[in-house]
Amino acid sequence: MVVRHLWILKNDSSPGVEYTKDFQSSSSSGNQQLIINTITKLTPVYYLGRVSTSEIRELIASYINLSIEQNVISSLNMLCGNKVSGSAGLDFLSFVGFSAYDDIHPSGLVRHPNILPVLGVIESSDCWYMLQQKAPYTLENIMHYSPEALCSDWHIRFFIYQIISAMAHLHDFGVHHGNLKPSTVLMSDSLWPYLSISDIWHVKQNCGFGEPEGSTPNSCCVAEDCSSRSIYASFNLPSSLDWSSHFKRWWAGELSNYEYLLVLNKLAGRRWGDPAFHPVMPWVIDFTVRPDENSDIGWRDLTKSKWRLAKGDEQLDFTYSSSDVPHHVSDECLSELAVCSYKARRLSKTILRSAVRSVYEPNEYPSSMQRLYQWTPDECIPDFYSDPWIFVSLHSEMSDLVLPSWVTSSEEFICLHRNALESDRVSQQLHHWIDITFGYKLAGEASIEAKNVMLPPNDPSRPKSIGRRQLFTKPHPKRSISTPHSAYHNKVQSCARCQGKGSDSTTDVMLNGCNPRNMLSQVDYLEEFEQATLFMELEHHLNPIYSYADTSASYCSSVKYSNSEFSDQEILQPDSVLSVVPDFDFGSYLECFESDDSSPMGYQELLRWKQMSYSVTEHHANDIFSIGCMLAEIYLRRPLFDALLLAAYKETGMLPGALHELPVHVAVLVESCIQREWKRRPLSRQLLESPYFPPSVRSAYMFLAPLQLLCTSGDRLKYVAKLASEGALKAMGKFAAEVCAPYCLPLVSSSLSDVDTESGLSLLKEFLKCLSVQATKELILPIIQNILQAPEYSHLKVSLLQDSFVRELWKKLGKQSYIEKVHPLTVLPLIHCFGKGLCADGIETLVRIGGLLGESFIVKQILPLLRNVILLCIDSSKVIKPEPQHSWNSFALIDGLSAMEGLVSVLPVKAVLRELLKISLYFMHYFGDY
């Protein structure tokens, strides 16, 4: 179980202990109380106070066992009988839009379905920890690596509706988010979106995650006194990077190659600590000789990918020409296998067995840097430029990684390796490597010429959190000025490791004050400057803006909290059961699922809605601006605003030209959200009522929201089956039902208890009625196949073979599809159980299926199988085998004949006599041998 965590530093923390990048002075006791109160007001906290390690394990176990929100689903199930368990059910209905209860003030004991659960706020002697689950995706991941996952306009509307619903929940408590952008919209495996309390601006800033003002750290190597060693140690770059300013500083020699590459890694989404998507750096030398800029020996060619250098052009050309899908590169430029092999000496054996090979064999890992470079077709990692400990093995049976012969220590190697990266030779070629790894040579004709065509994913609609992101569409400019590694330290002479044997001719030039810029003619310099400026203008999408105003002075002033102190331990208990609520009508609730999207959405209707929209709080209006920017970006697949466009919009009121590329109905909503005058932007509640969202979006949301509760699958299945059986799916219509199916049908599995089987079968029947033939084949059939293929006996498996369900499935799929897809999974499993103690119900089910599908089906599909089983048993009886085997033959023969006897009632006499005659002749032939 992986959890997200953030910490809130307390006043009495030990001096010199650094818990975050920079703690703000606002972390006073009053702010601590405000933060904790904000968290506990917005979502239930299932543990609050001091806690031991064992209690943390129990807390996480309760999450894994899905028991945390059991009281909420129990309350909703009781609502189906016009009963309420406490206020949990009413609170939840108000969250999802049940109009009869939208005026109920939430109790604070129920989580909004689009707010990430907070497992606990745990106090230690130094700080508070907030534990949360780790989401597998963010909206930023989806937009960069698998935009097809939001597969239709309806799905986009459904997604945005959920974000706005969560935002409305925050605004109802007087809290603004203040940090809404694609990277802070978390998503589950089913692409259900969440907002995290830890990303709210007020919580994030007062927990010490704000960026230090005026900090422009320089990146260096392993020197303890270096001002920015954290930049490579934790890849802790700001969440929003101003790429253009970093590019200008790098181009002018004020930013190192190392740090600029980290910036590009961050923009591409690469994450420190994730072996599958680790930050990537280029190999710049082959380790055969000590790097020397005056010699061509030992330097790597940066105009070609490492993959191309390792495989050779001839092999890549053959792969491209002979593949069904033409490609040169079948894997990432830095694979998980390579990362774990590079870091093998620092990783646990468990990770190595999982990522490299299942059998741990220490001698199989490259033993030296030169061997490592020759072995891998992948690129390098930042660790080899920054961390001397990467060479030291934690495993007694694995030797340290052998250094090149031209260094005496790992520290010296790191400095020399880093010097090579910052050298003039590399600086003059690095733009080629950027083009291949992050730039225009990832697509089009340029990728073919560079032999850099990637193998596309098999299913583009499948969500991905990793992948190659093309940052640039034009050739990246060459660096104008090269600056040696040592110059990036606060004091040039302070890094003895870098000033020792690692100094080279380029370093000497810089230290003697000879600026390379003086070596360029003024004309050449101006030409390069113009090209760099034009490049920045063309790549403005790398500086997205999602906030209209600076939120650095914002606060949650409208939140009202009590001043009560927390006890050392507080566990929130489920509500008690209340009596029947006479004014709750389950029928009225079911009416909310009725949706009709057939009537076209009029443009005039949208305009009238826009004129009625207005905000009352500037901070809340800024959240609405962020929603408008994200909505536009999902459709455009590029940001709506950067810093320059936003500045122009603020000054002149001229809308971005990209707005005209949006569909009309989307453009109206986006324009309403990004109004310059904040009071003209709609409230979050008004957005939920916008004609942009069809009725099916609202009904699907009400139907699916309870399935996101942290409770047992059986209770969720019971709830959704009840709604479906009462006509909710039918009221929603075919399309909405098809959208809901992937969320609901996985609840039906062969592991269901006998009690839950009835709900599972009922749900399958209801979806079978509502879905189209194609949707049935894609969504229901795999569920049925998995259940019937399960080796263990289950009541659900037998239930699926009942007359009524088989008849409905046959009718929906048609004869041919049923025989091809279902028949082998219904008849064969029953026949394979002959002789294994199959209950009489199994044989009876086989007879019922035959009677249901008719004489032709029995004669062509069932009788040949039964005859083969009977004859096989007769043949096996000739062989001398142990007693258990003979007993099995006898029982299987009895089961086969019993099934044949049962089918007599549904077959004509001639068919029965024909089969018996074949078996009798075989018997006569068998006895004739004796």
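1. Strands in this note are DSSP runs of at least two residues, numbered from the N terminus. Helices are H or I runs of at least four residues, numbered likewise. Leu191 lies in the loop between strand 6 and strand 7 (193-195). The model is a predicted one.

2. Start with the whole protein. There are 42 helices and 8 strands. The protein has 930 residues, and 52% of them count as buried. Take the contacts between residues at least 6 apart in sequence: 77% of these join residues at least 24 apart. The accessible surface is about 41,000 Å². Carbon and sulfur atoms own 53% of that surface.

3. Back to Leu191. Most residues other than glycine have a negative phi. Leu191 counts as buried because its relative accessibility is 13%, under the 20% cut-off. Leu191 is also one of the residues that Tyr743 touches.

4. Look next at Tyr743 itself. Tyr743 belongs to helix 33 (residues 734-744). Its relative accessibility is 16%, so Tyr743 counts as buried. Which residues does Tyr743 touch, leaving out those up to four places away in sequence? They are Phe158, Ser190, Leu191, Trp192, Leu704, Leu707 and Gln708. In sequence, Tyr743 and Ser190 are 553 residues apart. In space, their C-alpha atoms are 7.2 Å apart.

5. Thr184 sits in the loop between helix 6 (153-172) and strand 6 (185-187). Is Thr184 buried or exposed? With a relative accessibility of 4%, Thr184 counts as buried. Its contacts, not counting residues up to four places away in sequence, are with His177, Asn179, Tyr194, Leu195 and Asp199.

6. Lys451 is placed in the loop between helix 20 (444-449) and helix 21 (496-499). Lys451 has a relative accessible area of 13%, so it is buried.

7. Helix 9 spans residues 243-251. Its buried residues are Trp243, Ser244, His246, Phe247, Trp250 and Trp251. Why do these residues lie on the same side of helix 9? Because they cover an arc of only 160° around the axis.

8. Helix 10 covers residues 257-267. Of its 11 residues, 10 are buried, so helix 10 is largely enclosed by the rest of the structure. The buried residues include Tyr258, Glu259 and Tyr260. Leu261, Leu262, Val263 and Leu264 are buried too. Asn257, Asn265 and Leu267 are also among them. Just after helix 10 comes Gly269, with a positive phi of about 90°.

9. Now the empty space. Rolling a probe the size of a water molecule over the atoms shows where such space is left. The second largest pocket has a volume of about 910 Å³. It is lined by 29 residues, and those closest to its centre are Glu332, Lys464, Ile466, Gly467 and Arg468. The lining divides into 11 nonpolar, 7 polar and 11 charged residues.

10. How many cavities of 30 Å³ or more are there? The count is 6. The largest cavity has a volume of about 80 Å³. Its lining has 13 residues, of which Ser305, Lys306, Trp307, Cys333 and Arg468 are the closest to the centre. Helix 11 (306-311) and helix 19 (430-437) are the elements that give two or more residues to this lining. By class, the largest cavity is lined by 5 nonpolar, 3 polar and 5 charged residues.

11. The second largest cavity holds about 60 Å³ of space. Its lining is made of Ala268, Arg270, Phe277, Cys333, Thr437, Phe438, Gly467, Arg468 and Arg469. These fall into 4 nonpolar, 2 polar and 3 charged residues.

Conventions
Residues are numbered from 1 along each chain as its sequence is written. This is a predicted model: local features need pLDDT of at least 70, side-chain atom pairs count only at pLDDT 80 or more; totals for chains, interfaces and linings use all residues. Side-chain values use heavy atoms; hydrogens and water are left out. Buried means under 20% relative accessible area, exposed over 50%, partly exposed in between (1.4 Å probe, protein chains only). Contact means heavy atoms within 4.5 Å. Accessible areas come from the Shrake-Rupley method with a 1.4 Å probe; for residues, only the protein chains shown count as cover. The arc is that of the directions from the helix axis to the C-beta atoms. On a 1 Å grid over the protein atoms alone, a cavity is a set of points where a 1.4 Å probe fits but cannot get out, and a pocket is an open set with protein on both sides within 12 Å along at least five of seven lines; lining residues have an atom within 4 Å of a point. Grid points are joined across faces, edges and corners, and a volume is the space filled by probe spheres set on the points. Ala, Val, Leu, Ile, Met, Phe, Trp, Tyr, Cys and Pro count as nonpolar, Asp, Glu, Lys and Arg as charged, and the others, Gly among them, as polar.
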